[in-house]
Amino acid sequence: MSTTRLPHEKGFHVSWDQLHRDARALAWRLDDGPADGAWRGVVAITRGGMAPAMIVARELDIRTVDTISVKSYNHQTQAAAQVLKSPDADLMGDGHGILIVDDLVDSGKTLELVRELYPRAHCATIYAKPKGRGMVDTFITEVSQDTWIFFPWDMALQYVEPYRGRD
Ligand SMILES: O=P(O)(O)OC[C@H]1O[C@H](OP(=O)(O)OP(=O)(O)O)[C@H](O)[C@@H]1O
Ligand code: HPA
Ligand SMILES: [Mg+2]
């Protein structure tokens with residue numbers, strides 16, 4: 001079964017500046033590390049998690065950074081999630097001490113799979129929607145389920161008609 005990804009009632013547009021501030025806020029919240037030590041590495045869920053993971057790794061001075069590629073959407077529909085590329089198995093273990101970073105959690109399908117693979121990892125996202133919130137350990141901002149988040153890498157500056165010139 002697949003679920004429709006669009007249309008959404010509302011749009012939440014995130015600038016590079018906002019993303020940077022929110023990713024930094026996420027990093028600061030994670031500063032204490034896991035309960036029994038320090039983060040052993042950061043793993044970005046590609047592709048949306050890469051910019052946030054870079055900012056988090058920089059803030060927390062973590063030099064070991066790897067990626068996991070999870071494909072869960074086919075254009076506008078969501079299918080069963082599958083791993084296209086795994087991070088280093090020796091680094092990951094069961095996930096203990098590993099900080100997994102993504103831009104957002106929506107339905108939670110992507111993180112559900114990641115958590116199955118690395119049950120002891122700490123999963124962090126910048127944004128979260130209610131359906132997937134239970135899958136993420138730390139996040140910064142929640143938006144409603146009917147909101148589509150537009151990230152800066154998916155947008156471009158363009159001309160907008162003045163308010164009084166619009167139909
Ligand atoms: O909680 P879920 O419903 O699984 O959705 C969240 C995931 O969907 C998006 O990635 P996408 O699979 O579109 O790939 P991308 O990061 O390469 O854009 C987003 O970056 C998250 O990784
Ligand atoms: O709201 C969203 N914005 C961008 N990518 C996404 N992938 C799942 N949900 C979203
Ligand atoms: Mg993604």
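User: Which residues of helix 2 are buried?
Analyst: In this predicted model, the buried residues of helix 2 are Ala51, Pro52, Ala53, Ile55, Val56 and Ala57. Helix 2 spans 50–59. Aspartate 61 follows helix 2 and has a positive phi, near 55°.

User: Why is threonine 64 called partly exposed?
Analyst: Threonine 64 has 13 C-beta neighbours inside 10 Å. Buried needs 20 or more, and exposed needs 12 or fewer. The value 13 lies in between, so threonine 64 counts as partly exposed.

User: Where is threonine 64, and what is it in contact with beyond its neighbours within four places in sequence?
Analyst: Threonine 64 sits in the loop between helix 2 and strand 4 (65–74). Leaving those neighbours aside, its contacts are Arg40, Gly41 and Leu91. Valine 42 is 22 residues from threonine 64 along the chain, yet their C-alpha atoms are separated by 6.4 Å.

User: What makes aspartate 106 count as buried?
Analyst: Aspartate 106 has 26 C-beta neighbours inside 10 Å. The cut-off for buried is 20 or more, so aspartate 106 passes it. Its place is the loop between strand 6 (98–105) and helix 4 (109–117). Not counting residues up to four places away, aspartate 106 touches Lys129, Lys131 and Gly132.

User: Is isoleucine 149 buried or exposed, and how do you know?
Analyst: Isoleucine 149 has 20 other C-beta atoms within 10 Å. The rule asks for 20 or more, so isoleucine 149 is buried. Isoleucine 149 lies in strand 9 (residues 147–150). Beyond four places in sequence, isoleucine 149 touches Phe12, Val14, Leu104, Tyr127 and Val143.

User: Which residues does the UniProt annotation "binding site" cover, and how do you know that they gather at one spot?
Analyst: The annotation, from an unreviewed UniProt entry, covers Asp106 and Ile149. They span 44 residues in sequence, but no two of their C-alpha atoms are more than 9.8 Å apart, so they gather at one spot.

User: Why does the radius of gyration of the chain agree with a compact globule?
Analyst: A compact globule of 167 residues would have a radius near 15 Å, and the chain has 17 Å, so the two agree. The C-alpha atoms fill a box of roughly 60 × 40 × 25 Å along the principal axes.

User: How many helices and strands are there in the chain?
Analyst: The chain has 4 helices and 9 strands. Along the sequence they follow the pattern β-β-α-β-α-β-β-α-β-α-β-β-β.

How values were computed:
Residues are numbered from 1 along each chain as its sequence is written. Chains are lettered from A and ligands numbered from 1 in the order in which they are written. This is a predicted model: local features need pLDDT of at least 70, side-chain atom pairs count only at pLDDT 80 or more; totals for chains, interfaces and linings use all residues. Helices (H or I, at least four residues) and strands (E, at least two) are DSSP runs, numbered from the N terminus. Two residues are in contact if their C-beta atoms, placed from the backbone, lie within 7 Å. The radius of gyration is taken over C-alpha atoms; the globule rule is 2.2 Å times the number of residues to the power 0.38. UniProt positions are given in the numbering used here, feature names are shortened, and annotations may be inferred rather than shown by experiment.
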